[in-house]
Amino acid sequence: MTFLYPLGLLGLLGIPVLIIIYIIKSKYTEQTVSSTYLWRLSERFMKKRNPFSHLTGLISLILQILAVIAISLTIAHPILTMPGAAQDYCFILDGTGSMQMQHGKDSTRFEAGKQEIATLIEDSADGSTYTLIYVADKTTKVYEQTDSKAVARTMLDELKYSFSESTLADAQAIAQAYFAQNSGSKVYLVTDRGYQTHENITLIRLCDESVQNYALSQVTYAVQGEQLSVNGNVTSYRSDATLTLELYVDGAEQPVATSTVVTKREKATPFQLTTAACEFSSLEVRIAQSDVLGYDNSVVLFDPQSDDTYKILLVSDRPFFIKAALGAVGKTNITVKSTEEYDNDLGYGLYVFDTFTPATMPLDGSIWLINPLASSDDLGFSVQGEVALPEAGVLELSRDSTSMVQTLTADMTGEEVHLTRFVKCGMYRKFATLMTLEGNPIVFAGTNTYGNRLAVFAFDLHDSNIAMRMDFVMLIRNLAEFSFPAVLEQNNFYCTDTVHLNVLANTDSIRVDSPTGQVQYLSCESAVASFVPAEAGVHTVTMTVSGSPRTFFVHAAIPEAERNPVIAEKELSLVGTQTEGGFDGSYDALVLMFIFLALLFAADWVVYCYEKYQLR
């Protein structure tokens, strides 16, 4: 036994003080009785029944001496040495996607695994050391050879689950290096995987082989004429099953289509859900049956044109031609305002100004200028005045071989487009000319001073026959694709994928909210921002452009390799011979000392009451 505070034993000096007090203390007390005869008779009677009554005072002294000893020992804080009881523990905790399956009634395999490790830590002797290797999206050594149970438990509790796909190879390498230096350590692997061989590793497997899991994969949608169809695969991992699939539109409570699919064990079975074509922001496919892993029972698909990037503000007093052309491009949301109604509006993906040039250009979207009337410092080009032609001229389609020109003039045939007047413009290097008239740039595109994508028609559409040409529809389509840069090339990923975001011009911030509300901010300094979704479900990306927020959605699915509820592996062993690793542990007896001290005080109180109130 050792003491943390040996000076506490000085309290034992109180023992002789107690003895001296006991010696000099008066043993007699005065009492008034009604009759000495009755007193003597009762005294003789009590002596016969209780021959040890004269020891009562001595018992009180003994209890008080024991209390002084207990108090001194408690202050000195005794630590009991336990030879060979302590161990060096190394835990490997699997935190990959399959560990999120339900385990028992109200827990997951991951939480059950943490509890297994916590129990081993609490049951171990004081003085043991603990090392924890955690396998998630990457393998990390959480702590190494800490001898504090509190620290080990706290850091274990703080571990967050992961939906990643990962093998235990990296953890095996770390544990092997550790075992080579500490061959007496006890290595525990906490996982739901089964291993045929696991030498020098104690396997704690958290897996019920009777459980079932169903999963969706490769889900896509297509619109053909008046019909919307959703296709994909569904898998039942543990047995043949008959599953019901449901299709929901925009979070509705009732499905718009259902389908029953008969699946074979571990065989991906195709399915199709069809309904009438409709406008939507999101489609969700669900498996109606429940299982041990709900994260792979639904897939959410998003319309890439449903976010507010595809909102168009058309400022024109004669909007018919341009509105009709934009409406033929595809799914767009067009708001029309007259030049008098425009008031520096924000929140649109594209601003079209027809025969109107605002004093200040919006910074949160692309811009089209049709028949610009005046120059502006933020345009990136100069307006030099209007030119009237004595007779109609013919526009020439650019034959430039640059990629930008080729992209913006794709599928245009060079039909004759006549023009009677135009606006002479002086351009800078950031623009590519698409159509010219006698060497003058008539249709050109590029970026303005602030980096916004800009397209210019240097003439009034009513002064030309361009609106009657098929090339006009092709040109508008190409410019629309140019003006609506895809922030996301796709919306569906796995948790192991890297999501790349094309950063819009004048982006102030990019915020990503996970399904559980975890927030991270991405850098918007470069043209592309990226993140890896750490959770399964729908992530919300908010890109604030010049003070105007735009929202995008990303659905992340659990990797397919993590969906099988029973994962079998061949081998995970540590090379070497395990030696006896026990060393002296310790036991903190402070709690026992407090209990013993409380019992002594209680016993002394009983004796006191016995003497004081003659309870005998």
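## Helix α4 and its surroundings

The buried residues of α4 pack against β3 (88-94), β4 (129-135), β5 (139-146), α5 (149-157) and β6 (186-191). This is a predicted model, in which local features need pLDDT of at least 70, side-chain atom pairs count only at pLDDT 80 or more, and totals for chains, interfaces and linings use all residues. Residues are numbered from 1 along each chain as its sequence is written, and side-chain values use heavy atoms, with hydrogens and water left out.

Helix α4 covers residues 109-123. Its 15 residues reach 21 Å from first C-alpha to last, close to the 21 Å expected at 1.5 Å a residue. Buried (under 20% relative accessible area, 1.4 Å probe, protein chains only) residues of α4 are R109, F110, A112, G113, K114, I117, A118 and I121.

## Aromatic pairs

The whole structure holds 21 aromatic pairs (ring centres within 6.5 Å; planes under 30 degrees apart are stacked, over 60 edge-to-face, the rest tilted). Y89 and F91 are stacked, because their ring centres lie 6.0 Å apart and their planes meet at 5°. Y89 is buried at 8% relative accessibility. F91 is buried too, at 0%.

Y342 and F353 make an edge-to-face pair, with centres 5.3 Å apart and planes at 80°. Y342 lies in the loop between β17 (333-337) and β18 (350-354), while F353 is in strand β18, 11 residues apart. Both are buried. Y342 and F353 belong to one aromatic cluster with Y348, Y351 and F356.

## Charges over rings

A charge sits over a ring if NZ of Lys or CZ of Arg is within 6 Å of the ring centre and within 35 degrees of the ring normal. The charged end of R286 is placed over Y248, 3.9 Å from the ring centre. For K311, the ring is that of Y348, at 5.2 Å.

Note on methods: Helices (H or I, at least four residues) and strands (E, at least two) are DSSP runs, numbered from the N terminus. The expected span of a helix is 1.5 Å times one less than its number of residues. Buried means under 20% relative accessible area, exposed over 50%, partly exposed in between (1.4 Å probe, protein chains only). Contact means heavy atoms within 4.5 Å.
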